[in-house]
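Here is a friendly briefing to read alongside the model. Please keep the sequence and the structure open as you go.

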Amino acid sequence: MVTYIIRRLIWAAAMLTIVSIVTFAIFFLVPRLAGATPESLATRYVGRTANAEQVKIAAEKLGFYDPLVVQYGRFAKGIVAGSEYDYGPGVEQCPAPCFGYSFLTRLPVWPDLLDRVPVTMSLALGAAVIWVLAGVATGVVSALRRGSFFDRAAMTVALGGVSLPIFFTGMASLVVFSYGYPFEITAPGGSFTPFFENPVDWAYSLILPWITLAFLYAAGYARLTRAGMLETMNEDYIRTARAKGLAERTVVLKHGLRGALTPILTIFGLDVGLLLGGAVLTESTYSLPGMGKYAIDAINSQDLPKVMGVVLFAAFFVVVANLIVDLLYAVVDPRVRLS
Amino acid sequence: MKRRTTTGAAAVGAVLALALSACGGGSSTTPKDSAKPAADGAKAEFNAALTGIVNPSDKKGGVLKFANEGDWDSLDPGDTYYGYSWNFVRLYGRSLLMFKSAPGKEGNELTPDLAEGMGTPSDDAKTWTYKIKSGVKFEDGTPITSKDVKYGVLRSLDKEVFPDGYTYFNDFLDLPKDYKGPYKSKGVNTDKAIETPDDQTIVFHLKQPLSNFDYFAQLPATIPVPEAKDTGAKYREHIIASGPYMFQKNEIGKGFTLVRNPNWDPATDPNRPALPDGFEVSTNVNADDIDNRILSGDLDVAVIGTGIKQAALGRVLGDPAVKAASDNPTSTRLWYTSINGNVPPLDNIDCRKAVQYAANKVDYQTAFGGEVAGGQIATSLLPPAIPGHEDFNLYPPGADNKGDLAKAKEHLTACGQPDGFETNISYRAERPNEKAAAEALQQALGRVGIKLTLKPFPQADYFALYAGKPGYAKDNKIGLAQNGWMSDWPDGFGFLGQIVDSRVIRDTGGSSNISVRDPEVDKLLDQAMAETDKTKRDAIWTAIDKKVMEGAYILPGIWTKSLLVRSKNATNIFVNDAYGMYDYLGLGVK
């Protein structure tokens, strides 16, 4: 078990290194191959009034004249050993892990990222609880009452949930519940209250995003659970369980659902991992200052240190979530042994 | 209103070296000189806030909620170059002069702020002196002196630390050679550029005459900065206020809160009523969400002031009640097409005139969003809000504004191309409006045989490598180029300097002037720069406008307009012409 975890952690570190190289190449190598010069790359870091000399100074300062390997090495060194930043009157230390400084906000990327984590985590985990409970429960009931009105209705709603893009359901929910028409209910938008500041406001500010996000995922989970349950409930061991005289509730929950959970757990790990890296559309629609909004704002403003930081951070969550899922397989399915 | 800039600092020999924006514990009384709410105020109808004050009130208290779909370039007064930011910065900073907080054309007038009066120029307009009011303090109670103003200006010169600002002071002050600001050139004597003979006097020395330096004195860089509390690039995180409000909380990327500055003395400030108790500002908020929240009353102001987006347009214009609570100001931005006289056959003035006559101005307007959200059809360069603007149209495009094809063919014949000619039209690939305008021109000019081929280029290199690089434009036959310009302040100097002066055109590219090469225009610009009489100066701007249009170097498209929706909770709402958006100083809470 321990060996397995160590091996997976080494693999995870290698994966993150590869992701960082690929991301770096996308933003620094590909433009160069397409004809960009160090000066043209530097123009996005200088003001709108910069002349050629100022652009050249910026390119030198940013190390754009150095070979790309050297530039990547400097970036990687910053993450491992930290870096320095000239803010005018003095030089500031950027301790490891230093993902660099945003050249637009003049803030170090790492604390900025950490600042966004509670928002995204609140959104992702809260929505995950809703979609797992609602999706799995709906899937189980639909499977047990296959062909019933409930089954058909639930699957129709699920189809809608999967089909409707989040920017539509998000905007629709805001129109109905937040802008004062047609209902005079005003839920806050564009704000986030930290849990430890005020748990009630925290939940209130997230209820619409949770439901919107969960609606999308719950639909998929309901369909997946239904299909899994239909298959599992026809297995021989279910018949055996019933033959042993177990209560139907035990048969369904302990034997049927447990067997159907493995693929759901796999996809759940991936989904949560991805969402922890930023629910871009949900956060943008509701103006939540999370990782996804941070990423999209960074991309729109071409703030490359931020983009690099958020990509690596998101990749970290996906890798970690996968690791946790792999470990949980052994818990859910006794046939799985980690070695 | 964003004042986006695409140019670097441009030089005109030793004369014009500008970097202009292209494309772009309060008191219980209201100071008597600020925008005075009339007892009745303007009737709350469409465009009422353009010339009057809607919901006049002098009630104090309450908090106004602002939202920004993006974020400030910087809240630091020495490092900001957005029009909305210059409007907003007056809440927490006081510059030497400022635009009057008043509706209509009065908003275009300068008035003393930190200074006791307007600038006193020397005879040659190369030295400008300002006296600073006494009793003015920073938020920490420290008295503000001329040295704080000087320091604020000097630090803003360091474009490595403050890259977002303008370069007016870099270009015009008589600075010591190789001076790079107080961080890198520490201890260097800068008295030859800015003198502070006593705590209340500041004297600016320029390299050349500048008749309208007072406009420089209203720039946010003249907002005082205490040297002891300057943290360079990090100063934006905690700015020391000199205005009626100060920062209580500032989370860059998310938003900030302004509260009353207990050390602001209204007796020294007749310009600011300072009615609300504070401001809550959210940044990076979904643009459609902002529009909807303003319409529902949950939010008060979309701070960037560029108007509501397409998604909410129908709701505003389609509902008479909502429309009555909106305003449609014209900004000082012109979208236009440069007609490059370096590219044959457009080196012939008649070929250029044929383009002017054949253009369909209605389709051009539609390409930019139509009459309300796009703009007003332009007939010359200077927008109506800029002094010197005169209504004239040398190339009337027919009664329906869709082009005068007979006149166009007449000029084609005169230029030896009776069947038309072929050329290319460039536009910035990331800008769908420019593409649509280029397509509209392609169709319109095709009616007289002028065949245009569309050439998109990346906006980052548009002026430096493509349309703005004379050699490239000529070799690749870019006869027409989509372009845009907005002045930094409502004055001919700010509007025309960078787009009609042939001396800003460099072989290496980078100039926003792509097409105007007329020595007489250059001469007129020099005359205007030295003319201290405003009326005479404004007449020169008019003459320049006419001269450029006579040469048919520029096809004016539209003067932009925006549709602003008034807050349901705010009082004293009016549009300030200097910014083309609601004046943020006047607003109060119901």
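Why does B:Ala436 count as partly exposed? B:Ala436 has 18 other C-beta atoms within 10 Å, and a residue is called buried with 20 or more other C-beta atoms within 10 Å of its own, exposed with 12 or fewer, and partly exposed in between, with C-beta atoms placed from the backbone. B:Ala436 sits in helix α13 (residues 432-446) of chain B; helices (H or I, at least four residues) and strands (E, at least two) are DSSP runs, numbered from the N terminus. From B:Glu160, 276 residues away along the chain, B:Ala436 is separated by 37 Å between C-alpha atoms.

This is a predicted model, in which local features need pLDDT of at least 70 and side-chain atom pairs count only at pLDDT 80 or more, while totals for chains, interfaces and linings use all residues. Residues are numbered from 1 along each chain as its sequence is written, and chains are lettered from A and ligands numbered from 1 in the order in which they are written.

- Leaving aside residues up to four places away in sequence, B:Ala358 touches residues including B:Gly403, B:Leu405, B:Ala444 and B:Ile450; a contact here has C-beta atoms, placed from the backbone, within 7 Å.

**Domains of chain B**

- Chain B splits into domain 1 (48-282 + 564-589) and domain 2 (330-561), with bounds from an automatic or database domain assignment.
- The centres of these two domains, over C-alpha atoms, are 33 Å apart.
- Their contact takes 12 residues from domain 1 and 13 residues from domain 2 of chain B.
- On the domain 1 side there are seven nonpolar, four polar and one charged; Ala, Val, Leu, Ile, Met, Phe, Trp, Tyr, Cys and Pro count as nonpolar, Asp, Glu, Lys and Arg as charged, and the others, Gly among them, as polar.

**Strands of chain B**

- Strands β10 (residues 245-251) and β11 (residues 255-260) of chain B run antiparallel, joined by six bridges; strands pair if DSSP finds at least two bridges between them.
- B:Lys249 has B:Thr257 in β11(B) as its bridge partner.
- Three residues lie between the strands of this hairpin, where B:Gly253 takes a positive phi near 95 degrees.
- β11(B) also runs antiparallel to strand β12 (residues 278-282) of chain B, through five bridges, and B:Gly255 is bridged to B:Ser282 in β12(B).

**Chain A and its contact with chain B**

- The contact takes 40 residues from chain B and 31 residues from chain A.
- Helix α6 (residues 287-296) of chain B gives the most to the chain B side, with five residues.
- That side of chain B has 12 nonpolar, 14 polar and 14 charged residues.
- Chain A has 13 helices and two strands, and 40% of its 339 residues count as buried.
- Helix α10 (residues 248-276) of chain A kinks by about 40 degrees, centred on A:Leu257, the bend being the angle between axes fitted to the seven residues ending there and the seven starting there.
- Just after α10(A), A:Gly278 takes a positive phi of about 130 degrees.

Note on methods. Two residues are in contact if their C-beta atoms, placed from the backbone, lie within 7 Å.
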